[in-house]
Amino acid sequence: MSTIRITKKFNFEAGHALYGYDGKCKNVHGHSYKLSVTVSGKPIADSTNVKFGMVIDFGDLKKIVNEEIVDVFDHATVFNKNTPHVELARELMARDHHVLLVDYQPTSEMMVIDFAQKIKSRLPKNIKLHSMKLQETESSFAEWFANEN
C-alpha cells in the first residue's frame, strides 16, 4: 500500500517577547499562530478496523496536537526562563495570567522544534511526523521537516 501524507491545521493565540533582540519584538506582543502538522503512513488495510482506509484519524491527530500544543500555548505569554523576563512572568502569574517559561528563545523557529519533539513522542509507531509549519503572520513562518532533522 502507498505511503500517504495527511495534514491538519490548527490556530492559537499567544504572546511572547524576545529578550536581547534588537527590534520591536523585544517588547511583549502577540500573534495569531497557524500550525500545520503533516504526518505520513500507510492507510489501514484491515477492513474490520473501524479506521479502515485511514493513515490516522484526523480526530486522533487533533487530540494529540491540542493536548501537546494548542491547549498549552493558546492565550499564553511565552518567555525564555533564562532571561530577565522571568521577573515580569512572575508578576503576571501572580495576577493569574497564563505564562509559559520555556528553555529556549520563543521564536517561531524554536517553537516549531519544540512542537515537533512533543508531537513525535505521541504519535503511534506506524505514523511518522513528516513536517510542521508554524505561521506567525500572513507572510512569516518557520518550517520543520523530518528528513532534515
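From the N terminus on, the elements of the chain follow the order β-β-α-β-α-β-α-β-β, in what is a predicted model. That gives 3 helices and 6 strands. Of the 149 residues, 40% count as buried. The C-alpha atoms fill a box of roughly 55 × 30 × 25 Å along the principal axes. The accessible surface of the chain is about 8800 Å², and carbon and sulfur atoms account for 50% of that surface. Among contacts between residues at least 6 apart in sequence, 62% join residues at least 24 apart.

**The sheet**

The 6 strands make up an open sheet with mixed pairing, in the order β4-β3-β1-β2-β5-β6. Its edge strands, β4 and β6, each pair on one side only. From one strand to the next the twist averages 30°. β1 and β3 run parallel and are joined by 3 bridges; G15 stands opposite T77 in β3. Helix α3 packs on this sheet, where it touches β1, β2, β5 and β6, and its direction makes about 150° with that of β5.

| Helix | Residues | Buried residues | Cover includes |
|---|---|---|---|
| α2 | 85-94 | H85, V86, A89, L92 | β3 (76-80), β4 (99-102) |
| α3 | 108-120 | S108, M111, V112, D114, F115, A116, I119 | β1 (4-16), β2 (29-41), α1 (58-73), β5 (128-137), β6 (140-145) |

In α2, the buried residues are H85, V86, A89 and L92. They lie on the same side of the helix because they cover an arc of only 120° around its axis. An α-helix has 3.6 residues a turn, so residues three or four places apart point the same way. The other side of α2 carries the exposed residues E87, R90 and A94. Strands β3 and β4 are among the elements covering the buried residues. After α2 comes D96, which has a positive phi, near 65°.

How far apart are the end C-alpha atoms of α3, and what span should its 13 residues have? At 1.5 Å a residue the helix should span 18 Å, and the end C-alpha atoms are 18 Å apart, so the two values agree.

Conventions:
Residues are numbered from 1 along each chain as its sequence is written. This is a predicted model: local features need pLDDT of at least 70, side-chain atom pairs count only at pLDDT 80 or more; totals for chains, interfaces and linings use all residues. Side-chain values use heavy atoms; hydrogens and water are left out. Buried means under 20% relative accessible area, exposed over 50%, partly exposed in between (1.4 Å probe, protein chains only). Helices (H or I, at least four residues) and strands (E, at least two) are DSSP runs, numbered from the N terminus. The arc is that of the directions from the helix axis to the C-beta atoms. Contact means heavy atoms within 4.5 Å. The expected span of a helix is 1.5 Å times one less than its number of residues. Two strands pair if DSSP finds at least two bridges between them. Axes are lines fitted to C-alpha atoms, for helices over the stretch in contact, and angles run from 0 to 180 degrees between N-to-C directions. Accessible areas come from the Shrake-Rupley method with a 1.4 Å probe; for residues, only the protein chains shown count as cover.
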